[in-house]
Every structure is written in C-alpha cells, then in structure tokens.
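Thanks for coming. I will take a few minutes to walk through one model, starting with a sheet and ending with some charged pairs.

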Amino acid sequence: MRYDAAAVGFYTLDILARPVEAIPDGGGVAFVDEIRMVVSGTAGATAVDLAKLGLHTLAAGSVGDDEHGGFVLDRLARHGVDISAMQRIAGVPTSTTIMTVRPNGERPALHMRGAADHFELPPERYAQVLDARFVHLGGTGFMRRFDGAPSLRFLQAARAAGCRTSLDLIAPGEDGLALVGPLLPFVDYFMPSIEEARVLSGMDDPVEAARFFLDQGAGTVAVTLGAGGSVVADAGGTVLRIPAFAVPVVDTTGCGDAYVAGMIAGLAWGMDLETAARLATAASGLVATGLGSDAGIRSFEDTAEKMRTLKPRR
C-alpha cells in the first residue's frame, strides 16, 4: 500500500498559553511564559505524531481558506505528512481552539467549530485514503457532516479494503453511543479516554467498559486513564494493565492522540499488542512534557528508547 497510515477526520489549530491561573477581570492583562500555535485535533495531532514516529502518513480532513488553514497545511507538510487529501473550504474558518493551560497541566478550552463541520469524504474519493495499512478515524462527535452514516460507510469500505482501522472521538454527548455503536464492528482498535468510555458505557471500571465495547463489536479496546496508564483488552480475552510513565507534566493537550499514534506505530513496526501499548504510553507521556500536542516526541527510535528507560509512575 502507498501509505503506512491515514489520519481521517478532525483537524484544528490550537493556540495555547501557559501558565494561566485566571482570566484577568475587565480589560486587565496577565503575563504568561509561553504561547504556541500547533496542528491539533483527534486526527490532526495523531497525523503529526504518526509522521514523527516514522510512518508515511496521509492527512484527510478540512481547513478553511483563512490564514489559520494555511498554517495548518504548512505545519503538516513540515512534519512530513502528505496533505494531498486535505480539503480547503472557501468561506469557512479553520476550526480553532484557544487553550488556557493551568500550572497543573489542565487545559480549559474555547473552541470555534469551523471547517471540521464541513468535512465530507464521498465514496469516489476513498481510493487514495484507503491505500494505507492503517486507517484512523478521529473526531467522531465533532464532524456534523461526516458523523453517523458517512463514517459508517467509510469504515465499512476500509474493512473491505483490508485496512486495519482505529477510532477515537471527542466529548461524547447523550447521543454518543448512537454515533459510535454502529461503527464498532468495523473498528479493530477503539481507544477512548476513561471519561469518554464512562459516558458511552455507563461504567466506571475501565475493564468492564472495555468489555462493553468488545461486546459491541470492537476488536481491541484501549481505555486511557491519564496518570493511571491504560487498560487494553481484546476479543480473545486478553486484559493488559499498562502503567503510565513518570514524567514532568507541562500540558496534557494531545496525550490521547499521541497514545493512538503510538499504538498504531508500534503495531506497524511489528510490535505485539502489549509492547505497542507501552510505546503508546511512552508517546503520550512525552507529549505531556511540553506545550502543545506536537511536543515531546522526536522519533520512533527515541520514543522506543524512552519506553525502555522511563520509570513507571507510582
């Protein structure tokens, strides 16, 4: 196949500032140490990390025809991501998020939905995107035109094309399971956060939540737990508890996306499921050490070395 991976779905520009302890009253000014602009989103951040981890990666999403869209496309290309399947939509702003990162790494956000709501991928455009060993759909719940039946048709086509599929979502609401449930029989790797898993399944225990999604048809489920690491379970009865690594946390933006990229990269490089999950955990931890979803990860080799040398979080 032409690509190692294709990252399809939600692309956004993040504008991040840290540390932000409070928004000034009235027209006041507060000083921060750092401000950055980065490509992010549940497909965008994953695409960047996949490329950093050595995979030939295709980006398939949408940006507006504004200066933010130009920045997103330029940055993706600079990271080595193929942007030939990206859509630039006239008259629509690029999806953009302002992240106010607290000293403890938490990140309240202000989001403008923008071009991601206009993303479409009709069947006549599948050929390029499905010419990939791994196809990741990121952003279910934040793509008004692509959520639901269009996403289902796409994942069915990916399965028929022999691609290994993965799925991540954003902030599921009351209709979250209605959106995600029909997709899971066509998903090889479903990787929600524990917060998302709890909303969708109604279960607090990550193992029980993972089993819920396996019963819905997913092949393998990895529930990320932040500082608690992750739980990985598959349809064959495997249950793995992967501890997080001890790292200095600056900003948790993009950690879940890095976990997804690390899992895909590990599998693409021939690792077994447990080792791939450990690589995913290392990638997630590295991203937390800097500001923005593109921080921390340097290469596959460096991330694999960190996987071997970082100490588990206690």
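Which strands make up the open sheet, and in what order? There are four of them, running β3-β2-β6-β7, and the pairing is mixed. Before going further, please keep in mind that this is a predicted model.

The edges of that sheet are β3, residues 34-40, and β7, residues 109-112. Each has a single partner strand, so one side of each has no neighbour in the sheet. On average, neighbouring strands are turned by 15 degrees against each other, ignoring direction.

Now look at one pair inside the sheet. β2, residues 12-18, runs antiparallel to β3, with seven bridges between them. Within this pair, Leu13 sits opposite Val39 of β3. Helix α2, residues 67-78, packs on the sheet and touches β2, β3 and β6. The direction of α2 makes about 75 degrees with that of β3.

Next, the charged pairs. Side chains of opposite charge can pair when their charged atoms come close. This structure has 14 salt bridges, and I will show a few.

One of them joins Arg2 to Asp82, with 4.0 Å between the closest N and O atoms. Arg2 is in the segment before β1 and Asp82 is in the loop between α2 and β5, so the pair ties together parts 80 residues apart in sequence. Arg2 is partly exposed at 48% relative accessible area, while Asp82 is buried at 17%.

Arg2 also comes up when we look at Asp131. Where is Asp131 found? It is in the loop between α3 and β8. Apart from neighbours within four places in sequence, Asp131 is in contact with Met1, Arg2 and Tyr3. The C-alpha atoms of Asp131 and Ala5 are separated by 8.6 Å, although these residues are 126 apart along the chain. Asp131 has 27% relative accessibility and counts as partly exposed.

Asp117 forms a salt bridge with Arg113, at 2.7 Å from N to O. Is Asp117 buried or exposed? It is buried, because its relative accessibility of 8% is under the 20% cut-off. Arg113 is partly exposed at 28%. Asp117 also forms a salt bridge with Arg144, where the closest N and O atoms are 3.3 Å apart. Arg144 is in the loop between β8 and α4, and Asp117 is in the loop between β7 and α3, 27 residues away. Arg144 is exposed, at 59%. Through shared partners, Arg113, Asp117 and Arg144 are joined into one network.

Methods:
Residues are numbered from 1 along each chain as its sequence is written. This is a predicted model: local features need pLDDT of at least 70, side-chain atom pairs count only at pLDDT 80 or more; totals for chains, interfaces and linings use all residues. Side-chain values use heavy atoms; hydrogens and water are left out. Helices (H or I, at least four residues) and strands (E, at least two) are DSSP runs, numbered from the N terminus. Buried means under 20% relative accessible area, exposed over 50%, partly exposed in between (1.4 Å probe, protein chains only). Contact means heavy atoms within 4.5 Å. Two strands pair if DSSP finds at least two bridges between them. Axes are lines fitted to C-alpha atoms, for helices over the stretch in contact, and angles run from 0 to 180 degrees between N-to-C directions. A salt bridge is a side-chain nitrogen of Lys or Arg within 4 Å of a carboxyl oxygen of Asp or Glu.
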